[in-house]
Amino acid sequence: MANQPSPSAILCAAFNQDNSCFAIGTRDGFRIFDSNTGRLLYERAIGAFIVVEMLFSTSLLSIVGAGEQPSLSPRRLCLFNTKTGAALRELNFLTSILAVRMNKKRLVVVLLEKTYIYDINSLQILDTIDTVPNLKGLCAFSPSLDGSFLAFPASITKGSVLVYNVMELQSHCEIDAHRSPLAAMVLSSNGMYIATASEQGTIIRVHLVSDATKSYSFRRGTYPSNIFSLSFSPSTELPDILLASSSSGSVHVFSLGFALNHRSRRSNTFLGSIVPDSVTDVLDSAYHHVLHHAVPAGVKSNAVVRKIERVPDTSMAECAVLRATISVLTNGGYFLEYGSTINRQNESSWTLEREYNLLTVQGEQAASSNVGN
């Protein structure tokens with residue numbers, strides 16, 4: 001990435017709810033890509049956008065302008081149909097929209113000190129939540145209708161999280177996750193787990209949402225770093241891995257499955273009987289794998305686990321390998337895809353499989369931009 005564009009080339013970048021597609025907003029318009037093939041699916045050059053959110057792989061988008069054109073106010077949410085190229089509905093607010101989240105039943109709009117919950121079909125407002133000042137529009141949302149939770153900061157002085165049930169329209173729990181204010185959070189797709197990082201960025205914690213109990217604590221590093229994104233691997237129960245991208249340019253993989261097996265073995269030892277899990281998990285870095293220089297340092301990135309599979313390890317009898325497909329969007333204007341493999345000995349390897357410029361790619365061009373072909 002020697003010719004990396006400006007760090008602000010992309011104003012927003014987000015994967016859809018199942019990571020099958022992603023959308024970017026620029027000063028010229030917005031673009032939608034297929035994550036599997038890299039194919040450019042749709043583009044619209046009508047001005048600058050700071051929010052472009054997809055509803056799975058449907059034609060419905062939620063878009064918010066950057067305010068650089070009079071018609072694209074950051075206080076106006078437009079529900080846009082990519083099939084017709086027309087606006088379906090518009091919602092206007094008193095202050096700028098900082099984040100938007102959707103599932104098949106709910107529309108969530110995050111402002112500085114308020115969060116609105118709508119029925120996505122009728123656009124009837126269902127609830128208004130007063131929040132602490134949320135300058136970054138920080139939130140996490142699980143799109144599952146069975147465990148549809150919304151999480152956002154509950155404090156500006158410490159890392160407390162308020163978890164709200166958007167289907168039952170009531171607060172579910174509050175979690176005291178960190179001593180410092182929050183910098184990143186993510187809910188697993190089924191809403192069972194929430195992962196958080198503070199502004200210090202040294203510790204990543206995972207809590208079970210149902211009873212707000214801490215399940216894991218992982219040390220990312222000794223020195224502070226900005227955590228740009230967190231992502232669980234797709235799973236119906238306990239995700240296999242948790243992913244983090246940071247301002248150092250590194251991508252971190254934490255093996256939840258390996259840590260769980262280690263915890264059950266350690267509980268039978270003398271040390272395990274006297275040292276709490278939360279302490280030993282933080283100190284033990286054996287389940288932390290790092291790809292250094294995955295993206296340029298300081299460039300904001302959004303990394304997700306798109307696929308995960310268990311494949312036979314031909315080098316050892318009766319051993320299986322965990323293989324993850326990790327996709328990264330950078331605000332410098334690039335898409336990168338890495339293959340990460342973790343074997344039974346908890347050893348990892350990384351391969352860059354695809355890389356292309358999101359701003360210059362045309363039509364089928366991205367699909368053929370595979371590394372090493």
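Which side chain meets that of E353 in a salt bridge? The partner is R323, at 2.2 Å from N to O; a salt bridge here is a side-chain nitrogen of Lys or Arg within 4 Å of a carboxyl oxygen of Asp or Glu. This is a predicted model, in which local features need pLDDT of at least 70 and side-chain atom pairs count only at pLDDT 80 or more, while totals for chains, interfaces and linings use all residues. Residues are numbered from 1 along each chain as its sequence is written, and side-chain values use heavy atoms, without hydrogens and water.

E353 sits in strand β28 (residues 348–357) and R323 in strand β26 (residues 320–330), so the bridge links parts of the chain 30 residues apart; strands are DSSP runs of E, at least two residues long, numbered from the N terminus. E353, at 23% relative accessible area, is partly exposed, and R323 is partly exposed at 22%. Buried means under 20% relative accessible area, exposed over 50%, and partly exposed in between (1.4 Å probe, protein chains only).

The structure holds eleven salt bridges. One of them joins R31 to E43, with the closest N and O atoms 3.1 Å apart. Because R31 belongs to strand β3 (residues 30–34) and E43 to strand β4 (residues 40–44), this pair ties together parts twelve residues apart in sequence. R31 is buried at 9% relative accessibility, whereas E43 is partly exposed at 43%.

D176 and K158 also form a salt bridge, at 3.7 Å from N to O. D176 lies in strand β16 (residues 170–178), and K158 in the loop between β14 (149–153) and β15 (159–165). D176 is exposed at 54%; K158 is partly exposed at 36%.

Definitions and conventions. Helices (H or I, at least four residues) and strands (E, at least two) are DSSP runs, numbered from the N terminus.
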